[in-house]
There are 4 protein chains.
Amino acid sequence: MVQNSNSSSNKPGSARVRRKSEARRLEILRAAARVFRRSGVAAAGMRDIAEEADLSPGNLYYYFAGKDELLFFCQDQTVDRMLEAAEAARASTLPVADQLRAVIRAHLHYTLEELEGATAHLEIDMLAEDLRRPLIEKRDKYEQAVRALIAKGIKRGEFAPCDTALVARAILGALNWASRWYRPDGKQSVSAIAQGLADYLVRGLAGPPKANPNANTAPARAISGGQT
Amino acid sequence: MVQNSNSSSNKPGSARVRRKSEARRLEILRAAARVFRRSGVAAAGMRDIAEEADLSPGNLYYYFAGKDELLFFCQDQTVDRMLEAAEAARASTLPVADQLRAVIRAHLHYTLEELEGATAHLEIDMLAEDLRRPLIEKRDKYEQAVRALIAKGIKRGEFAPCDTALVARAILGALNWASRWYRPDGKQSVSAIAQGLADYLVRGLAGPPKANPNANTAPARAISGGQT
Amino acid sequence: MVQNSNSSSNKPGSARVRRKSEARRLEILRAAARVFRRSGVAAAGMRDIAEEADLSPGNLYYYFAGKDELLFFCQDQTVDRMLEAAEAARASTLPVADQLRAVIRAHLHYTLEELEGATAHLEIDMLAEDLRRPLIEKRDKYEQAVRALIAKGIKRGEFAPCDTALVARAILGALNWASRWYRPDGKQSVSAIAQGLADYLVRGLAGPPKANPNANTAPARAISGGQT
Amino acid sequence: MVQNSNSSSNKPGSARVRRKSEARRLEILRAAARVFRRSGVAAAGMRDIAEEADLSPGNLYYYFAGKDELLFFCQDQTVDRMLEAAEAARASTLPVADQLRAVIRAHLHYTLEELEGATAHLEIDMLAEDLRRPLIEKRDKYEQAVRALIAKGIKRGEFAPCDTALVARAILGALNWASRWYRPDGKQSVSAIAQGLADYLVRGLAGPPKANPNANTAPARAISGGQT
DNA sequence: TATGAATGAGATTTCATTCAT
DNA sequence: TATGAATGAAATCTCATTCAT
């Protein structure tokens, strides 16, 4: 009389199966991120991604709703990781310079390394409003965190006064641009690059506090049009 | 009115026509650059450019062979100007820090300002090999010039030793990224931005000459895969 | 438990299995009909049908050869029932008006009610020739039966003379269109609707026998291009 | 010195050109309507429409934004014409039976004849919300107009009491279904068909006022889910 | 029997480019 | 020189169907 065999094993998502499927999704995200990094988001075609992930173009849509969703997940994961790193830095008790160095290292790690979803981030313009908005918010939050870090360093006297908004953007630009020239088979490891950039970018903040008439240390305000 | 009134004075060869034609080409280049900057190269359509230049899509092809050529001229002009600026700096007798500041200011000026051909530059990947190669060469030459400037500063004792390749790329990244967040109707003028970025980016080079074991001051070599 | 316990009792040939399988087929047909009715044949996807029938898309193909076959069985059952109803009416001894009312009621019942296979019927165009032809034949036969009923009423003097082909199509159109506006959760029951439509549609046939010069009471001929 | 040659003749729409383009749009609408009628809206492909209109698929998009827009214009024109006919009938001083006959004739004329945009109308479900809503409103308005006509006939004693909503739907169903069986090369002209249907459908309303317990002559209310 | 995954054909749509005038 | 119109290739996406297990 066991007619209704709803014994939880014939629904499309038993535990083992869902795990396998989830693994495939991550593989695909990694592949997509590789293609995005390699060709740029706009030039990356679904065909390219499918080929990189070793499946047919149509089959991509079994796992993701479309290019938008693929790009969104890539970006979202990356920004989430960066936000975590920024928060961890903020909570630490090290000198602010070290906090900032940690954020820089994390940024490059997440941007350049072969993690699932890691994209030369923030090519967001092609996304539909629904998906773009939350990413922009997170991105702005991250930029604010970097600005706050710089402001904290100034307040503590570790850094010289400066236009925190401008400098934060300079730092983020230097970091984001790295994905344009970095080659995985190059001479320098990501760690070495991170070390070098952190040294240079932090050194520009420190030094003997010298009066700067243009300095703007006002509390950071979100500038939504900005691009990290 | 009676100038050059030969039989066929409006064939593409006559002097006046050539002059008018050349002027129209520049207008179109300016329009194209605006669209490239506004939407990104990949998202910019020939229709958009035609509309911005106030002519029909078909007519664009009378002046330019295609999108590639338009993009090429935009980029080429920009890089030429930057190379000039770099050369002028090199030839100057000012302190190296000032030379570098001048290059930075010129870079932002040519990148952000409303000049014909100025594009949020270096979206070169979509170009065919023929057109891409010379641009890459010029771009590398420019990057080398910046590295050489830094190396000169180090040799003269003005700058602390550092990995010149890495730092040059950091600087260029910070500058190029500016076209992503700069808004013509924003609060800061291009000059103010240039001033602020130059201050920060040069300050990271100077400072008390401190021994840096990782420093790499080997003579600059072109790395063709790199992207300025 | 020990019924038919031969060696291989779950091979598709055993009696019990065949019975179970047949039941499953009917469930699926009902589900398919629901989806066809709800979304229209063209918009109904195999995935939708599978979900409605609570099995996987792939498994549908164990029971049916494809969408064509599903649609064919739905339509075929419905038309068969209607033909039966038309035959039963013809064989009855009631007044022709009542015979026609019975056919109308049956038509709506089979079209709107939750019977297996009942589809907002006659979206046949997408079927392959092999399957379409027999359906068209049955459909034409049904249309002929309705025309014959009207003609009988005229011959007996119950109905006024009229163009039987045209009127039959008007009646069938009014009935078939009902599946477009009928909502199962609406105010009127199918029976009430059937009653109301039967009243109206039959009343248009009866009335004082008035001479109609355009009347066409020629023996009904099948018009194969017609759609009931 | 006539530099700014904005003499209104080089903009994409000079009078002559716009007229030519507009003519092409109408041709395409007619072609689309033919295909919609022939194959049903869902089965009609842009390829089919393009072929019928004798241009390449891509070129369709020079004239219309997509399938939705094509369908919308077809439907919209048709419903507009029908609404006009209904209004004209309402305003007339003829007997209500004649008013209704005029509406019926117009309906068939606009549905079956080779007018630009005339579609076997009201396959609206595939349209996006933006375009669907206004059509549904117009459609409901038309249905209300027919119901009002019937109610007026009842009030004046011309028609027997009946469920106006149900009867209006029966009439519209009979009319709409005609596009399924009508063949332009058939024996009967559209006028003849219209005459025959009008006769039958109106005759069912008239007759000696006979008490009908189910009668519903309440003022017509819009039933938005309904489908004319 | 049943499933998740895969596929290939085809649909709509976009767009740089060309053509006739 | 300039235009509206046309085209063909490619992009994204859908979906009935099949396959391995």
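Across all chains there are 14 aromatic pairs, where rings of Phe, Tyr and Trp (its six-membered ring) pair if their centres lie within 6.5 Å, with planes under 30 degrees apart counted as stacked, over 60 as edge-to-face and the rest as tilted. Phe64(A), Phe72(A) and Phe73(A) are joined by such ring pairs into a cluster. The structure is a predicted model, in which local features need pLDDT of at least 70 and side-chain atom pairs count only at pLDDT 80 or more, while totals for chains, interfaces and linings use all residues. Residues are numbered from 1 along each chain as its sequence is written, chains are lettered from A and ligands numbered from 1 in the order in which they are written, and side-chain values use heavy atoms, with hydrogens and water left out.

Aromatic rings also take part in contacts with charge. A charge sits over a ring if NZ of Lys or CZ of Arg is within 6 Å of the ring centre and within 35 degrees of the ring normal. In chain B, the charged end of Arg81(B) lies over the ring of Tyr110(B), 5.8 Å from its centre. In chain C, Arg81(C) is placed over the ring of Tyr110(C), at 5.7 Å from the centre.

Chain A contains 8 helices and 0 strands; helices (H or I, at least four residues) and strands (E, at least two) are DSSP runs, numbered from the N terminus. Of its 228 residues, 45% are buried, that is, under 20% relative accessible area, whereas exposed means over 50% and partly exposed lies in between (1.4 Å probe, protein chains only).

Helix α8 (residues 190–203) of chain A meets helix α7 (residues 164–181) of chain B, their axes coming within 10 Å and crossing at roughly 65°. Axes here are lines fitted to C-alpha atoms, for helices over the stretch in contact, and angles run from 0 to 180 degrees between N-to-C directions. On the α8(A) side, Ile193(A), Gly196(A), Leu197(A) and Tyr200(A) are in contact with Leu166(B), Val167(B), Ala170(B) and Ile171(B) of α7(B), contact meaning heavy atoms within 4.5 Å.

Arg30(D) belongs to helix α1 (residues 15–39) of chain D and is partly exposed, with a relative accessible area of 29%. Pro161(D) lies in the loop between α6 (129–155) and α7 (164–181) of chain D. Its C-alpha atom is 9.1 Å from that of Ile150(D), 11 residues away in sequence.
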